[in-house]
Amino acid sequence: MSLDSTDYKVVRNLMDQGRITWSELAGILELSAPATAERVRRLEERKIIKGYTALINPEAAGCELAAFIAVTLEHPHRATFLQRVQELAEIQECHHVTGDDDYLLKVRCRNTRALEQLVSENLKGLPGILRTRTTIVLSTTKETPVLPLQFPADSETVQG
């Protein structure tokens, strides 16, 4: 990844406060605002910074149900499944995993009826789906987009 200590500071601060101004970030980094903007632009070009987004409270926005869906596939059908995953807005995350299942999906829906439609029609309706196993989330204690970055010269783990 080869980030220097200033790159780490940029990433840590943007993870914590994505709407920080170039001037405010420059003050933290002890750089000029143009130099800070250029450093961020380079991190974006290197795909270290993938983009910017607002963090929305799912319940307040009407997506009150969270669930994890384990999916087992017949392997010739992987491309069709992965394409459908990209198309379904309810699927927030898709992880290729080890163990009995092939994929683990994190989904958010309005309610159980919407979850049923997602599983029964949108997933089980695909060719090659051997099995799904759904676990509904009762409550969430911790959920964060902040990565536990550690600069190689530091001995402490850096969290936004």
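I looked up Thr-36 and found that its relative accessible area is 0%, so this residue is buried (buried is under 20% relative accessible area, exposed is over 50% and partly exposed lies in between, with a 1.4 Å probe and protein chains only). The model is a predicted one, in which local features need pLDDT of at least 70 and side-chain atom pairs count only at pLDDT 80 or more, while totals for chains, interfaces and linings use all residues. I number residues from 1 along each chain as its sequence is written, and side-chain values use heavy atoms, with hydrogens and water left out.

I placed Thr-36 in helix α3, residues 33-45 (helices are DSSP runs of H or I with at least four residues, numbered from the N terminus). Which residues does Thr-36 touch, leaving aside its neighbours within four places in sequence? I listed Trp-22, Leu-25, Ala-26, Leu-29 and Leu-31 as its contacts, where contact means heavy atoms within 4.5 Å.

I then turned to helix α2, residues 22-29, where Leu-25, Ala-26 and Leu-29 are buried. These residues lie on the same side of α2, because they cover an arc of only 105° around the axis, the arc being that of the directions from the helix axis to the C-beta atoms. An α-helix has 3.6 residues a turn, so residues three or four places apart point the same way. On the other side of α2 I found Ser-23 and Gly-27 exposed, whereas the buried residues of α2 pack against α1 (5-16) and α3. Just after α2, I noted a positive phi of about 60° at Glu-30.

Finally I checked how α1 meets α2, and found an angle of about 135° with the axes 10 Å apart (axes are lines fitted to C-alpha atoms, for helices over the stretch in contact, and angles run from 0 to 180 degrees between N-to-C directions). I recorded that α1 is therefore oblique to α2, since angles under 35 degrees count as roughly parallel, over 145 as roughly antiparallel, 65 to 115 as roughly perpendicular and the rest as oblique. The contact is made by Thr-6, Lys-9, Val-10, Asn-13 and Leu-14 of α1 with Leu-25, Ile-28 and Leu-29 of α2.

Terms used:
Helices (H or I, at least four residues) and strands (E, at least two) are DSSP runs, numbered from the N terminus.
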